[in-house]
Structures are given as C-alpha cells and as structure tokens.
Amino acid sequence: MPSSLSMSRNLKSGSTLLLVAGALALSACASKAPKELPPEPGPARTTTQPDSGEALGPRPGSQADFAAQMMGDDTIYFDTDKYDIDAMDQQALAKQAQWLMTYPEKRATIEGHADERGTREYNLALGERRANSAKNYLISLGVAASRLTTLSYGKERPVALGSNEQAWAQNRRAVTVTID
Amino acid sequence: MKTLSALALGLLLCASGPALAQSSGTFTPEITAPTQEEAQQSDGLEVTVSDDSDWQDLGIAITTFATDADVPTQTTAGTTGQLGHAISQVVAGDLKNNGLFKPSGPDGLPRPAFGEVSAPNYRLWSGNGADMLVQGYVHAGNDGTLTVGCYLYDVALGQQLEKGGWKVAPSDWRRAGHKCADMVYSRLSGESPFFDSRIAYIAETGSKDHRMKRLAVMDSDGANHRYLTSGQAMALTPRYSPDYSKILYLSYLNGQPSVYAYDLTTNSQKLIFRTTNPTMAPRWSPDGKWVLFSMSQGGRTDIYRITSAGGGTPERLTNGPGINIGGSYSPDGSKIVFESDRSGSQQVYVMNADGTNQKRISFFGGRSATPEWSPRGDLIAFTHIAGNLRVAVMSPAGRNMRYLTDSWQDEAPTWSPNGRIVQFFRTQRGSGEATIWQVDLTGRNERKLPTPVGASDPAWGPIRR
C-alpha cells in the first residue's frame, strides 16, 4: 500500500518536528559527551552547539540528522497482529543500519506501536514484539545489540488519528529514534 | 483508619411512640400498583436479577431519613436533618441507577418522623401502592461521629424484613447510604452486596495522540473522586488490592512501562519487580498474597507471579510461545484464567495457579481477550474481538458464550464484588474518547458512569468491610 505509506510519511512530519525539538533540548547532554566521531564527508564544522543555524541543516550524527536522512525510513509498518519484517521493512532497516554503522557511538531506541483495534495490554506486548523484530533485524545487519533498546507504547501513541484501515495501517509501526 | 462499625439497633428508637403522621397529602403516583407476580415475590422474595423485568415494578418507597435532633454535622451535607435526606438520596440512587429497581423517593414522599422509623404507618404506604418501604435515621454523636439506621419493611405483610445500623466518620457518610442500599438489595435479591465498594480507573484528557492518563479512584457511584497521579507519566491498568490498601498499576515513570504498587496509606509507590524489561498487566490473588504480572523479553511475553510483600524471584507460570498476558484468579485462588496468542491469535486459557495444566477454553471464532473470573466463580467475562470489540461472558469451561454489549469498541470487563454486574470501558470511534459503563448480566441495563473527564481501565474493588 504505497499510497498509505507515503501519506503516513507526510503525517509523520509533525512528530519529526517534535523529535527535532527534543534533540535541541538534549543538546546540553550531547555536549557533555564529546566522544563523537566527526562526520566522514563534507567540510568540518567548528560549532560545538548543534543546529544553531537552520540553514546548515541538522548536525551530522544527531537524531535530527537521522530523521532527515531516513526520509521516512526510520519507521517500518506491520500487518494486523503481525510482527514479521517484510521486504520493504528490510530496505528501511538496512538504511537505518547504515547510518548507525556510520556513527558507532550512537544508541537508539526502537518504539513499537499497535493500532487502536486491540485490547490495551495485548497491544503493549505486541508493540514490544514489533520493536524487538526491528531490533533483531538491525542486529543481524551488524548493529551491536548493546546499542539498541526497545520501548512499547501499545495503542497509546497513534500517529494517524482516524478510525479507519488507513490510519490503523500507519499506526502499526516501529520507529527508530537515536539517542542524542 | 476510617471506621464503619455496624451497630445493634434499638437503643435509639426504643421510645418510639408511633407518631400519627397521617399527612396523607402529596403522595406521588409514581408507585405503581402491584401485580400478582409481585405479590408472590413478596412472599418468598426468591427473585433473581438475571431476569429483572418483574423486579423493576416492585414499588420501593425510600423515605428521607429522620433525626432525633437536627444539629450541625461535619459533613458537606449540612445538619443531621439535611444529611438524612442526602443519605436517602444515595440509597435511592444506588438502587435506581443500577437498573435493579425503580424506587420512588425520597423527594415527593412524606417524611416519617423519628419515632415512626421503627414503627411504620403501613396503612399509609399500602394505600399508595408501596410494596416495600425503606426508613432510617441519623444521629450525631458527641464525638462528631454519625450513627445511621436503616429499616426495610414489607408493606403488604406489615412486617420488618431487615434492619441495619452503622457508625461512620463524617467523611464516610455516603458509605452509610451504600450499606443501607446493600442491605435492601441483598435482602430482596438474595445476592451479595456490592454498592459499598470503590473503583480504580484511568482518567483521560487531551488529544488522541497526546492523551494524558492519570490514576484515579472513586466510589461505586462515582462520588468521592480523587486523582492519585499527576499525569506526567502515563498510567494504565490499575487493580485495587483486596484490602483496598494498595493499587497495582502500570506507569511509564522510568521510561519503560513498569508495574508499581501504589500504597494508599502512605501515598508512595514502589516497583513490584526491578528489571530493565517491560512489566505490565498486574493482578492480585484473592487473598492478596500474590501478584501476577506479565513481562516481555526478547519479543515474547510471559506471566509471572511474585509475593505481594515484595522481594524474591518471580516465578514464571507460562512458557511461551508468543504473548501470554493478564491473568485472573478463580475466587478460591486455585486457578488462573489468562490470555495467550500461542495458537496464532488471542485466546483464553485456564491453568492451575502454579502454571500447570494449561488449556484453551475459548473456541468462538474471532479473538478472545482480557478474561476476568467472576467473584462468584460461575462466569468469566472477557473481550470478544470480531471486527468490533464487545464484552461477553462464558462459563469457566468456555461454554454458553453470550454478549453483554454491542458497540464499536467495549473492552476490559471488571466484575462487581458480587459478580452480578460488569463494568468496562467504551471507546468512541474517531475521537478515541473513553467512558466507563456497566451492564448487568441480562445485558439490558446498561449505564454510563459519571466521571469528571474521560475514563478507561476500570477495576472494581471488593465490598468494603
């Protein structure tokens, strides 16, 4: 369902903005740990505070950078009650893994979600199972398990707010969020 | 500690010269004439709530409770006289709102004098079609405590059926009304009481994608509402301990969803088990000694039990595959009904309390989830998912499944202390707004509970002692 996926990516821009804001808020923490490797390509930047100028774009290696680079592929989607990784998910996770290999100091949380059409507790377990599927696939691509944690929100944090098949398809997801 | 002590009645009312309250004036026509069937019922009073059609016609007059001296009280209701009216309203509300009776009063009915409380004017009431009569009184003690008496009379037989008395702290005055309603209900139905009980639930506010969820408690009729958490951390799925001293619930306080025990006497909380894995779906054993919780690890989820006192290593009761979650003890504590998707979809299973002998019991098509064993032991309530989510009941053997509700999304049933009423929450399509409802076992008497904001995950506690 490419149409629903592209729509979900548009819808996701709202949450992406929130993530950027979160990254900014956490910049103090990031500067406390200056161990980060410099980004490989491009001109070296001397700014210690990230994202001071919007025109420069997100600081490479930040969550904002991850979200921007992924262009929606920070999220994978699942069928009803399912948690398997399909071909499309594999592409997205490969892209995530590539970024994570580029910044080997970065840790990430994979947030698992379910749609609203299930019972609350089961959906919490299902979200965890989905996040774990994504995690295992990233590990199989070479990302160290110690860098990845999972967090389930069950049906508590929908990204699409409708009560229809399209919205539910967008909400059955696992989102990778890197930790700045 | 709040106290509510039952009293032997008689002391206060021993000098009750039957006052001649022949104030025959404004009697309401709300009391319907009794039918033959009801006349039979008032002989034996062998009535079941599962067929309530006759019940509702039973004319029960609930009168304003009298007082020996109209003096100020430390309650919000006012003087003892005003309190007598407020208590009788609690009684009438309990009996009416649960769809079990259609009582009349207290407004619009004559007010019995204090001396009349133990010596009713049967002629007056029978002349106006009342089958049953509830009278009572309020007495303020010197220490601020309140004594409330409650009398149930069969008007046709001209005799007292039951009486009860309770001494309560001013802050607990509504409990006296619930105890009176319980007494009337139990005597007329033969069922165990349930009104004097509390409900823990999740209060919901805010938009669908940023809903704030707070732990909250209230009386069975929605009164004495109180928030226990601020909403900064999302709270879900509370369960009252059998003695009402604690609430187990899930919180995102530390990021990862974890089960906490909230202590209501100290207003403090602690993790039930310290782990980096998510823990969820907490449940008490009937004796309060054990806690069930579910823990996810490596994508699978299993049910564990741990002592409620804390400490010790949790014992795993299920062993995959897939998701095993929830769990509800049989009233004798010997068995646990739970939910598992080991067959490929959510279904209901029963096992012994030590985890042995796990057997699937739901074979209905669709998915079956959130099983809750009735405190009576005779039924299991659950959520049936086949497109819509509906609340249903079945026998502990998985037979005689029938729906109690029919809506877009009803889930997570919880039983009244006597196992005759099921509460659940209903989610509105689109907005996602949640409200708590209850329904009796006929499925006919469905009612929304009054809550200040959105409400979900109700957990009905036991009858209070």
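The following legends describe close-up views of a predicted model.

In this predicted model, local features need pLDDT of at least 70 and side-chain atom pairs count only at pLDDT 80 or more, whereas totals for chains, interfaces and linings use all residues. Residues are numbered from 1 along each chain as its sequence is written, and chains are lettered from A in the order in which they are written.

**View 1. Secondary structure of chain A.** Chain A contains six helices and four strands (DSSP runs, H or I of at least four residues for helices and E of at least two for strands, numbered from the N terminus). Their order along the sequence is α-α-α-β-α-β-α-β-α-β. Of the 180 residues in chain A, 44% are buried (20 or more other C-beta atoms, placed from the backbone, within 10 Å of the residue's own).

**View 2. The contact between chains A and B.** Chain A contributes 21 residues and chain B 31 residues (contact requires C-beta atoms, placed from the backbone, within 7 Å). On the side of chain A, helix H5 (120-140) and strand S3 (148-154) each give two or more residues, and H5(A) gives the most, with 10 residues.

**View 3. The largest nonpolar core.** This core has 117 residues, among which Ile87(B) and Val134(B) touch the most other members (a nonpolar core joins buried Ala, Val, Leu, Ile, Met, Phe, Trp, Tyr and Cys residues through C-beta atoms within 7 Å). Helix H4 (residues 173-189) of chain B supplies the largest share, eight residues.

**View 4. Surroundings of Val134(B).** Residues touching Val134(B) include Ile60(B), Val91(B), Cys150(B), Leu152(B) and Val184(B), with residues up to four places away in sequence not counted.

Definitions and conventions. Two residues are in contact if their C-beta atoms, placed from the backbone, lie within 7 Å. A residue is buried if 20 or more other C-beta atoms lie within 10 Å of its own, exposed if 12 or fewer, and partly exposed in between; C-beta atoms are placed from the backbone.
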